[in-house]
Structure formats: C-alpha cells, structure tokens
Amino acid sequence: MTESQMLKEIYNDMQLMKDDMQLMKDDMQLMKDDMQLMKDDMQLMKSDIQSLKDEVQATNEVVQEMNGDLQFLKSEVRDLQLTLENETNRNILIIAEGHLDLNRKLDEALKAGSEKELMHLRVNVLENDMRMVKERIGIA
C-alpha cells in the first residue's frame with residue numbers, strides 16, 4: 001500500500017469519523033431539545049402543583065370555618081332543646097291544665113244554657129197548645 005492510498009484511507013476514515021461526530025452532535029442537540037421540553041413540562045407541573053396546594057389550603061380554611069359554624073349550631077340547638085324541655089313544654093302544660101278547667105266550666109255553662117233553651121222550647125210549645133185549646137173552647 002502506498003502512502004497516498006494510506007493517506008486516502010486515513011482521510012476516508014477521518015471523513016467517516018467526522019460524519020459520526022456530526023451525527024453525535026445532531027443527536028446531542030435533539031437530546032438537548034428534549035431536555036428543554038422536559039424542563040418546560042416540569043415547570044408547568046410545578047406551577048400546577050402550586051395552584052393545587054393553594055386550592056387545598058383554601059379548602060382547608062373553608063372546612064375549618066364550617067367546623068366552627070357547626071359547633072356554634074350544635075350549641076344553639078342544644079340551647080333550644082333545653083329551653084323547649086325546661087320552659088316551653090312546662091308552660092304549655094300549665095296553660096293546658098288551666099284550659100281544662102275552663103273547658104269544664106264551659107261545658108257546665110253550656111249544659112245549663114241548653115237546659116234553659118229546652119225550657120223555653122217547652123214553654124213555647126205549651127203556650128201554643130194553650131192557645132189552641134182556648135180557641136177550641138172559644139175563650140180566645
């Protein structure tokens with residue numbers, strides 16, 4: 001093999017190496033672009049996660065407020081139940097007992113009133129009968 005053939009072969013090998021290097025460089029650029037895309041995606045994910053954290057924190061605050069309101073409502077309901085049991089129900093019972101007496105008195109008054117009405121009806125019937133008897137006898 002001559003020197004020029006050797007040089008040519010070395011040149012060809014160098015050319016192949018240069019092409020391989022260019023391919024490697026292109027691959028590295030592609031990897032660099034992919035890494036940049038991944039970095040951008042990671043940044044978006046980081047932003048989304050931060051937004052999610054903020055929303056969860058706001059939700060926790062609302063839940064805490066609702067828990068406080070629920071405790072207040074439980075206390076109010078308990079107070080209302082105690083008032084109903086201790087005051088309102090007892091007062092209704094006292095008033096009802098008073099009304100029972102009134103109802104009895106009303107029944108007695110109505111009974112006496114109805115007896116009075118019956119007496120008026122009887123007197124009217126008797127007066128009418130008397131008038132008819134008088135007419136038949138000729139007194140009236």
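Colleague: Let's start with asparagine 89. Where in the secondary structure is asparagine 89 found?

Modeller: Asparagine 89 is found in helix H1. Keep in mind that this is a predicted model.

Colleague: Why is asparagine 89 called partly exposed?

Modeller: Its relative accessible area is 43%. Buried would need a value under 20% and exposed one over 50%, so asparagine 89, with 43%, falls in between and gets the label partly exposed.

Colleague: How far from lysine 74 is asparagine 89, in sequence and in space?

Modeller: The two are 15 residues apart in sequence, and their C-alpha atoms are 21 Å apart in space.

Colleague: And lysine 46, what makes that residue count as exposed?

Modeller: Lysine 46 lies in helix H1 too. Its relative accessibility is 58%, and the cut-off for exposed is over 50%, so lysine 46 counts as exposed. From lysine 46 to methionine 66 there are 20 residues in sequence and 30 Å in space, C-alpha to C-alpha.

Colleague: How many helices and strands does the chain have?

Modeller: The count is 1 helix and 0 strands. Helix H1 covers residues 3-137.

Colleague: What share of the residues counts as buried?

Modeller: Of the 140 residues, 0% count as buried. The chain exposes about 13,700 Å², and carbon and sulfur atoms supply 61% of that area.

Colleague: What makes the pair glutamate 135 and arginine 131 a salt bridge?

Modeller: Their closest N and O atoms are 3.1 Å apart. The limit is 4 Å, so this pair qualifies as a salt bridge. A search of the whole structure finds 1 salt bridge.

Colleague: Why are glutamate 135 and arginine 131 separated by about one helical turn?

Modeller: Because they are 4 residues apart in helix H1. Both partners are partly exposed: glutamate 135 has 48% relative accessibility, and arginine 131 has a relative accessible area of 43%.

Colleague: Last one. Which residues form the nonpolar patch on the surface?

Modeller: Leu7, Ile10, Met14 and Met17 form that patch, with about 420 Å² of accessible area together. Take methionine 14, which is found in helix H1. A patch member needs over 30% relative accessible area, so methionine 14, at 48%, clears that cut-off. The value of 48% also makes methionine 14 count as partly exposed.

Methods:
Residues are numbered from 1 along each chain as its sequence is written. This is a predicted model: local features need pLDDT of at least 70, side-chain atom pairs count only at pLDDT 80 or more; totals for chains, interfaces and linings use all residues. Side-chain values use heavy atoms; hydrogens and water are left out. Patches are made of residues with over 30% relative accessible area and no salt bridge: like charges are joined within 9 Å, nonpolar side chains (Val, Leu, Ile, Met, Phe, Trp, Tyr) within 5 Å. Accessible areas come from the Shrake-Rupley method with a 1.4 Å probe; for residues, only the protein chains shown count as cover. A salt bridge is a side-chain nitrogen of Lys or Arg within 4 Å of a carboxyl oxygen of Asp or Glu. Helices (H or I, at least four residues) and strands (E, at least two) are DSSP runs, numbered from the N terminus. Buried means under 20% relative accessible area, exposed over 50%, partly exposed in between (1.4 Å probe, protein chains only).
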